[in-house]
Amino acid sequence: MINLILFGPPGSGKGTQAAKLVEKYHLVHISTGDLFRFEMGNNTPLGQKAKSYMEKGQLVPDEVTVGMLKNKVDANPNAKGFIFDGFPRTIAQAEALDRLMAKKDSPISGLLALDVDDEEITQRILLRGKTSGRSDDNDERIIRNRIEVYKSETSPVFDYYAQSDKSQKINGFGTIEEIFARLCTAIDSL
Ligand code: AMP
């Protein structure tokens, strides 16, 4: 089993790389952002709960997010492993994930953090906003807020997994293929 956390600020390329990694390693991809957008699109109670937070670029509360994540993991009992994308985003989420995966005897193998600077990710998100239809990708103020939330609440998750030597930084500049090759090298040496 390989259980990966694909980490990095919004706009760092996690979704793009996750899709390529899934194809190569046949892991189950779980993106909490995609799951929330699906729920919102279907106007479910969960989607309605998430909407106001997402629109402001804030984090959806941990209990809501963790519950949704657990359901998705439990729905894939035969998975060869998982790629967690956009999760965990707080220390409490990381602790909940570790407990969940410990119960399944399938701990996190590593956290790979795409390293890209603020200016680059803001430009990438604004570009994506032209086609993604995401309101949180189209307003520079909300994008800045998402980056601030990443720095204050999410980046400590890197240090949390570094304590058990599981965190690695990956250069997030370059072509999609170049970044993919760096990720594969890191995964193959896990
Ligand atoms: P993303 O697609 O990963 O950029 O996520 C879009 C938005 O969904 C975030 O700005 C949050 O509002 C919400 N979200 C996604 N994943 C999480 C998470 N793990 N914890 C809390 N909120 C999340």
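Which side chains does a polar contact of 2.8 Å join? Select Asp-188 and Tyr-25: the contact runs between their side chains. A polar contact here is a pair of N or O atoms within 3.5 Å; within protein, one must be able to donate a hydrogen and the other to accept it, and residues adjacent in sequence count only if both atoms are side-chain atoms.

Before going on, note that this is a predicted model, in which local features need pLDDT of at least 70, side-chain atom pairs count only at pLDDT 80 or more, and totals for chains, interfaces and linings use all residues. Residues are numbered from 1 along each chain as its sequence is written, and side-chain values use heavy atoms, with hydrogens and water left out.

Stay on Asp-188, which is found in helix α9, residues 176–188. Helices are DSSP runs of H or I with at least four residues, numbered from the N terminus. Asp-188 counts as exposed because its relative accessibility is 51%; exposed means over 50% relative accessible area, buried under 20%, and partly exposed in between, with a 1.4 Å probe and protein chains only. Leaving aside residues up to four places away in sequence, Asp-188 touches Lys-24 and Tyr-25, contact meaning heavy atoms within 4.5 Å.

Next, select Thr-122 in helix α6, residues 118–132. With a relative accessible area of 0%, Thr-122 is buried. Show Glu-140, Ile-143, Arg-144 and Ile-147 as well: Thr-122 touches these residues, not counting those up to four places away in sequence. With Arg-144 there is also a polar contact, side chain to side chain, at 3.5 Å.

Now turn to the rings. A search of the whole structure finds three aromatic pairs. Rings of Phe, Tyr and Trp (its six-membered ring) pair if their centres lie within 6.5 Å; planes under 30 degrees apart count as stacked, over 60 as edge-to-face and the rest as tilted. One of the pairs is Phe-82 with Phe-84, stacked at 5.6 Å centre to centre with 20° between the planes. Both Phe-82 and Phe-84 are buried. Another is Tyr-160 with Tyr-161: the planes stand at 85° and the centres are 4.8 Å apart, so this pair is edge-to-face. Tyr-160 counts as buried at 19% relative accessibility, and Tyr-161 counts as buried at 1%.

Finish with two lysines. Lys-20 lies over the face of Phe-180, 4.7 Å from the ring centre. The criterion is NZ of Lys or CZ of Arg within 6 Å of the ring centre and within 35 degrees of the ring normal. Lys-169 lies over the face of Phe-158, at 5.6 Å from the ring centre.

Methods
Helix = DSSP H or I, 4+ residues; strand = E, 2+ residues; numbered from the N terminus.
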